[in-house]
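Have a look at it yourself before reading on.

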Amino acid sequence: MGNDEWTDRSFAVPACTAPSSTACLRSLGRRGIRGITLTDRGTAPAARSRYCDEAVRVPDPYENLLGFKSALESIAMRPDVATIIPVRDVDVYVLAKYKSDFAAHVATPWPDLETLRQVHDRVELFDIAEDAGVSTPDTRLLDEPTDWNREWIVKARYAILVDEYVDQYGPEQFDSPPKTEYLQPGIEPDYEVLERAMGHRPIVQEYVPTTDEYGFFALYDHGEPVATFQHRQIRGYSYAGGASSFRESIRIPELEETGRALLDELEWHGLAMVEFLRDDETGEFKLMEINPRFWSSLPFSIQAGADFPYYYWLLATDRKDHIDHEYEAGMAGHLLRGELLYLRSVLFEEYDLAEKPPLSQATGDIARTIVEHPRFDYASLDDPRPFIRDLWNAYDEYKHRGTIK
């Protein structure tokens with residue numbers, strides 16, 4: 001455990017189903033920095049970590065958004081709490097919307113609401129990307145003229161559904177839009193059905209035929225990068241993509257330049273994961289989205305040497321000059337639950353525009369890479385209980401649904 005002059009201060013992190021909460025607790029807890037876990041349910045793996053010094057129950061933000069905000073503010077008002085770490089979209093939204101309230105009590109290394117809105121609105125984000133010289137897929141609103149003989153996907157215009165973005169929502173409401181829809185070429189979709197399903201007018205986007213997904217990860221201080229990291233996703237939760245279940249650390253100058261150009265244009269402040277696809281034909285990195293908080297594969301970033309929770313802590317405590325953000329390229333690691341979800345997608349899901357691998361190949365690839373790269377997001381010899389809790393949560397979910405999800 002390292003020495004740190006701030007070990008009398010605490011940080012608070014909401015507990016989520018992804019490993020990012022646990023990664024924050026482990027990273028800072030091993031340095032003697034006290035961690036407070038904010039839980040809205042009793043099954044959060046992070047609350048089982050040996051590095052969880054205190055667990056505080058908070059309202060479920062999907063059911064009581066204003067109550068969740070009040071609970072975060074109560075935590076921020078504690079004299080021992082130095083900052084709050086966002087790990088979910090709802091976390092960063094509440095922190096950004098009420099940033100001035102939180103700034104009276106804690107450090108606020110996150111964007112303001114207007115900048116967050118630019119990132120959450122994929123139409124405006126892509127306009128900003130164009131200004132920054134960053135390539136994007138052909139994207140338009142659903143009701144704009146479109147050649148339906150091409151390959152398209154439909155996704156939400158907004159990354160989250162809240163009253164600042166969508167008229168029918170109130171200030172006490174927060175929701176996540178449905179997943180991406182893959183359209184069959186040559187068939188015009190039913191606009192009303194899609195709008196009703198998405199909860200607003202969605203966008204259509206050209207399908208980029210590649211499985212080469214890349215992440216550019218960064219921590220910014222008022223428009224200046226203080227730490228960056230890159231990975232290439234090899235497998236996602238689905239054979240069509242999605243969140244990362246197996247990935248490798250990389251270092252590509254063009255990806256660095258592209259990610260920085262976009263975040264510089266936004267004069268970004270705080271955490272960001274910028275997701276790109278690499279076009280097989282042109283080699284260009286095409287922007288997909290920005291996640292303005294910690295990412296689910298955070299444990300792997302730390303394993304590769306990019307200890308972003310500690311960087312975040314140093315920035316929050318006015319010591320960014322202590323940040324050394326070197327990392328090792330060529331490493332790879334897994335989220336075991338994600339690998340199960342990948343296999344489930346191969347078994348049970350069908351996507352018209354994505355090529356499905358044979359089950360034998362998918363199973364063999366997972367087994368081989370686990371042997372070659374035995375690094376895991378949750379599994380830890382010195383802190384095993386979050387991994388056990390996550391497996392139990394998965395079993396409980398699978399049992400009630402009757403199949404793997």
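Below are my entries on strands, cores, a surface patch and salt bridges.

**Ground rules.** This is a predicted model, so I noted that local features need pLDDT of at least 70 and side-chain atom pairs count only at pLDDT 80 or more, while totals for chains, interfaces and linings use all residues. Residues are numbered from 1 along each chain as its sequence is written, and side-chain values use heavy atoms, with hydrogens and water left out.

**Strands.** Helices (H or I, at least four residues) and strands (E, at least two) are DSSP runs, numbered from the N terminus. Two strands pair if DSSP finds at least two bridges between them. I found β9 (residues 213-221) running antiparallel to β10 (residues 224-238), with nine bridges joining them. Tyrosine 214 has arginine 232 in β10 as its bridge partner. The two strands make a hairpin with two residues between them, and in that turn histidine 222 has a positive phi of about 50 degrees.

I then followed β10 onward. Six bridges join β10 to β11 (residues 241-249), again antiparallel. This pair is also a hairpin with two residues between the strands. Here glutamine 233 has arginine 247 in β11 as its bridge partner.

**Cores.** Next I asked which residues have the most contacts inside the largest nonpolar core. A core here is a set of buried Ala, Val, Leu, Ile, Met, Phe, Trp, Tyr and Cys residues joined through side-chain atoms within 4.5 Å. Buried means under 20% relative accessible area, exposed over 50%, and partly exposed in between (1.4 Å probe, protein chains only). The largest core has 72 residues, and the most contacts belong to Phe11, Ile85, Val94, Phe102, Phe294 and Phe308. Helix α10 (residues 308-316) gives the largest share of this core, seven residues. I also noted a second, separate core of 24 residues, with Phe216, Ala218, Ile250 and Val274 among them.

I checked phenylalanine 308 for contacts (heavy atoms within 4.5 Å). Leaving aside neighbours within four places in sequence, its contacts include Phe217, Leu219, Phe229, Phe294 and Trp295.

**Surface.** I found a nonpolar patch made of Leu347, Phe348 and Leu359, with about 290 Å² of accessible area together. Patches are made of residues with over 30% relative accessible area and no salt bridge, with like charges joined within 9 Å and nonpolar side chains (Val, Leu, Ile, Met, Phe, Trp, Tyr) within 5 Å. Accessible areas come from the Shrake-Rupley method with a 1.4 Å probe, and for residues only the protein chains shown count as cover. Phenylalanine 348 lies in helix α11 (residues 336-348).

**Salt bridges.** How many salt bridges does the structure hold? I got 38, each a side-chain nitrogen of Lys or Arg within 4 Å of a carboxyl oxygen of Asp or Glu.

- Aspartate 307 pairs with arginine 31, with the closest N and O atoms 2.8 Å apart. They sit 276 residues apart, aspartate 307 in the loop between α9 and α10 and arginine 31 in the loop between α1 and β2. Aspartate 307 is buried at 11%, whereas arginine 31 is partly exposed at 23%.
- Arginine 260 and glutamate 256 meet at 2.8 Å, N to O. Both lie in helix α8 (residues 253-265), four residues apart, about one turn of the helix.
- Aspartate 279 and lysine 286 pair at 3.3 Å. Aspartate 279 is buried at 12%, and lysine 286 is buried at 9%.
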